[in-house]
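The cores, the ring pair and the loops follow.

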Amino acid sequence: MGSATREAVAAAKAAIAARPSAATLAVGEELFSAGRAIGGSAQLLGALTDPSAGAKEKARLVDAVFSSLGNESRSLLTGLAQSRWSDASDFLFGVEELGLRVMASSAEGGIDIPAELFAFGQLVGTNAELELAVGSKLGDPSAKAALISSLLGGRASDQTIAIVSHLVQQPLGRRIGALLAAAADIVADQSGLAVATVTVASRLDDGQVDRLRAALAKNYGELRINQIVDPAILGGVRVAVASDVIDDTVATRLKELKLQLVG
């Protein structure tokens, strides 16, 4: 991510904080819809990210193309378009992140979007047929969205359904597991949390989880911990927080020892 894109994303986060009235499910859905429309038109993407175009020109373009959107959605989208981006493709990720942060801000207390995203990721990861259905590049986007609504309707929040539906329709070159993990990180960050994905050979009990959370909190602050049980690691633990990975599994230590012996 280039410096221009980092500044643009920071400005978008500030825009959400400055417009609490925009933190609604409807605005998040409109931003996702706009992102898909922009992603489907190279001409529109180019116009919105053209560094030679003025702020007023871009505002008029957003108003003209997205006249059906509400004022809040158009205002946030205009702010994104008026920012500088390191690469035109970054703009699509920016629209997606803005939508995710609005969704996170719109969730009422008791709605745990990161946990719902993690649970769906676990389901997909253990069902090859489902992974193919929602992750295939050849699948019809509307059919994927309908499948998500069918699978998650009544089992997850409206915010999570909207997020997953958007992600499978516009993956932007990412696999479904990576999509869900990245979305969970952004949603958690908007809520002031970080997500630690912990891989263990057998499930940790509550006391072990609390001790691990306290240890990680020294570096990462308040954390949500998601557990993945994988007997293949044999023992130990692997912890991933965003791009940071701490791998102290028995399987990895044995692999390293084998490499040392061979070398």
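α2 passes α6 in a left-handed crossing; a crossing is left-handed if the near helix is turned anticlockwise from the far one by less than a right angle, and right-handed if clockwise. This is a predicted model, in which local features need pLDDT of at least 70 and side-chain atom pairs count only at pLDDT 80 or more, while totals for chains, interfaces and linings use all residues. Residues are numbered from 1 along each chain as its sequence is written, and side-chain values use heavy atoms, with hydrogens and water left out.

Helix α2 spans residues 25-39, and its axis comes within 8 Å of the α6 axis, crossing at roughly 165°. Axes are lines fitted to C-alpha atoms, for helices over the stretch in contact, with angles from 0 to 180 degrees between N-to-C directions. α2 and α6 are therefore roughly antiparallel. Angles under 35 degrees count as roughly parallel, over 145 as roughly antiparallel, 65 to 115 as roughly perpendicular and the rest as oblique. Helices (H or I, at least four residues) and strands (E, at least two) are DSSP runs, numbered from the N terminus. Among the contacting residues of α2 are Leu31, Phe32 and Gly35, and those of α6 include Leu92, Leu100 and Met103. Contact means heavy atoms within 4.5 Å.

α6 also packs against α11. Their axes come within 8 Å and cross at roughly 50°, so this pair is oblique. Here α6 passes α11 in a right-handed crossing. Glu97, Leu100, Arg101, Ala104 and Ser105 in α6 meet Ala183, Ile186, Val187, Asp189 and Gln190 in α11.

The largest nonpolar core has 26 residues, and Leu117, Ile163 and Val164 have the most contacts inside it. Such a core is a set of buried Ala, Val, Leu, Ile, Met, Phe, Trp, Tyr and Cys residues joined through side-chain atoms within 4.5 Å. Elements giving two or more residues to this core include α6 (88-106), α7 (113-125), α10 (158-169) and α11 (176-190). The most come from α11, with seven residues. Leaving aside neighbours within four places in sequence, Ile163 is in contact with Phe32, Leu100, Met103, Ile113, Leu117, Ala183 and Val187. A second, separate core of 25 residues includes Val62, Leu69, Leu92 and Val102.

The structure holds one aromatic pair. The ring centres of Trp85 and Phe91 are 5.5 Å apart and the planes lie at 90°, so the pair is edge-to-face. Rings of Phe, Tyr and Trp (its six-membered ring) pair if their centres lie within 6.5 Å; planes under 30 degrees apart count as stacked, over 60 as edge-to-face and the rest as tilted. Trp85 is buried at 13% relative accessible area, and Phe91 is buried at 0%. Buried means under 20%, exposed over 50%, partly exposed in between (1.4 Å probe, protein chains only).

Which residues other than glycine have a positive phi? Leu234 has phi near 75°, and Ala242 has phi near 55°. Most residues other than glycine have a negative phi. Leu234 sits in the loop between β2 (223-229) and β3 (236-241), and is exposed at 55%.

Last, a glycine. Gly192 lies in the loop between α11 and β1 (194-200), and is exposed at 52%. Gly192 and Gly221 are 29 residues apart in sequence and 8.9 Å apart in space, C-alpha to C-alpha.
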